[in-house]
Amino acid sequence: MNKISRRKLITGGLVATAGASGLVAAGSLARRYGLIPPDHCGVYGPGETMTYAAQRLLTTNSMAREFSRSMISKKPFANETAPPNDDFKRHQAGGFLDWRLSVDGMVAHPASLSLSDLKSLPFRSQITEVVCEEGWSYIAEWIGTPLVDVLNATGLLPQARYIVYFSIDRDWWESIDLADALHPQTLLTWGMNDGDLPVSFGGPLRLRVPRQLGYKSVKYITRITATDSLKGFGKGLGSASPEGGYAWYAGI
C-alpha cells in the first residue's frame, strides 16, 4: 500500500464529514489506495468503504490486545456449537487423523496438510478475546500455526490480495485481505487453553482472526484459497456474512 501523508488523511477525514459530497470524496480516496471492500455497493456501501479504508490506513500493523492467564474466562463460554454434519462426525470418530487443510489458488506449491503437518510448523500461543456483534465475549488462550507461515511455505504469489477460507460446512466461509492474513496474530488454531481445540469451539482447526469480530473466525476449516479477486466466490460480496446482512470487514 502506498503511504498517505498526514495532510491528505486529515483532509480526507474533514471532507468525509461534509455529507454526500464527503462520501464521494472519501470513496475516491479509498479507490486511489486500493481500499474498496467487496461489499461496497448498496445503501451501506459508502459507510463500509469508509470504515474499511480508515481502519487500514490507521491500524494495518496494530495488535489485538493480549491478556494474562488470570484473565481467561471461566466456563461456560459462549458460542459452543455442535458437530456440523455427518462428514465431520466421521472425521471425529477417526480422531481427525484424515483431516486435511487444502491450500490452493495463487500459491506456487498447492498443498494438502494434515494436522500433524501444521503442528510441525512454528506455532504461537496468545490469549485474546472473542468479541461477538451480538454483545457477548470471552477470553481464551489460542494455540496454532500462524497463517503467514503456511502461506510462506506454499509460496504465496505476489498478485494475491485475499485469502478465502472454508468450513467443512459448505455454507460457512469467509475471506480476509492480506493485512490480516499476514498478521502474526492470525492463527490456524488447533489448541485452546493448554489442550486440543474442542469441537464445540471449532476443533480440530479454526482460523482465528483476533482483530475482527468473532464471525470472521470460522470453525472447522478445511480449505484456504489465495486469490486476487472475490468476484468468483458466492455472490461476490467477499463472504457469507454480507450475503446475510453483516459487514465483510468486521474490524474491532
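Which residue of strand 2 does Val103 stand opposite?

Author: Val103 stands opposite Ala111 in strand 2. First, the ground rules. The model is predicted, so local features need pLDDT of at least 70 and side-chain atom pairs count only at pLDDT 80 or more, whereas totals for chains, interfaces and linings use all residues. Residues are numbered from 1 along each chain as its sequence is written, and side-chain values use heavy atoms, with hydrogens and water left out.

Helices (H or I, at least four residues) and strands (E, at least two) are DSSP runs, numbered from the N terminus. Two strands pair if DSSP finds at least two bridges between them. Strand 1 covers residues 100–105 and is joined to strand 2 by four bridges. These two strands run antiparallel.

Contact here means heavy atoms within 4.5 Å.

Look along helix 6 next. Its buried residues are Leu147, Val148, Val150, Leu151 and Thr154. They lie on the same side of helix 6, because they cover an arc of only 160 degrees around the axis. Buried means under 20% relative accessible area, exposed over 50%, and partly exposed in between (1.4 Å probe, protein chains only). The arc is that of the directions from the helix axis to the C-beta atoms. Gly155 follows helix 6, with a positive phi near 75 degrees.

From there the chain runs on towards strand 5. Arg161 sits in the loop between helix 6 and strand 5. With a relative accessible area of 40%, Arg161 is partly exposed. Leaving out residues up to four places away in sequence, Arg161 touches Gly34, Ile176, Asp177, Leu178, Thr227 and Asp228. Arg161 and Leu178 are 17 residues apart along the chain, and their C-alpha atoms are separated by 5.9 Å.

Strand 5 and strand 6 form a hairpin with five residues between them. Five bridges join these antiparallel strands. Val164 stands opposite Ser175 in strand 6. Trp173, Ser175 and Asp177 point one way. Glu174 and Ile176 point the other way.

Helix 3 is worth a look too. This helix spans residues 45–59 and has 15 residues. From first C-alpha to last it reaches 21 Å, close to the 21 Å expected at 1.5 Å a residue. The expected span is 1.5 Å times one less than the number of residues. The buried residues of helix 3 are Gly45, Thr49, Tyr52, Ala53 and Arg56. They cover an arc of only 95 degrees around the axis, which puts them on the same side of helix 3.

Phe96 lies in the loop between helix 4 (86–93) and strand 1. Its phi is near 65 degrees, a positive value in a residue other than glycine. Phe96 is buried, with a relative accessible area of 14%. Asn193 lies in the loop between strand 7 (187–192) and strand 8. Asn193 also has a positive phi, near 50 degrees, and is partly exposed at 26% relative accessible area. A cis peptide bond joins Gly203 and Pro204, with omega about 15 degrees. Pro204 is in the loop between strand 8 (195–196) and strand 9 (206–208).

Cysteines come next. Cys41 is exposed at 58% relative accessibility, whereas Cys132 is buried at 11%. The structure holds zero disulfides (pairs of cysteine sulfur atoms within 2.5 Å).

Finally, the chain as a whole. Its secondary structure comes to eight helices and 10 strands. Of its 252 residues, 46% count as buried. Among contacts with a separation of 6 or more, 67% are between residues 24 or more positions apart.
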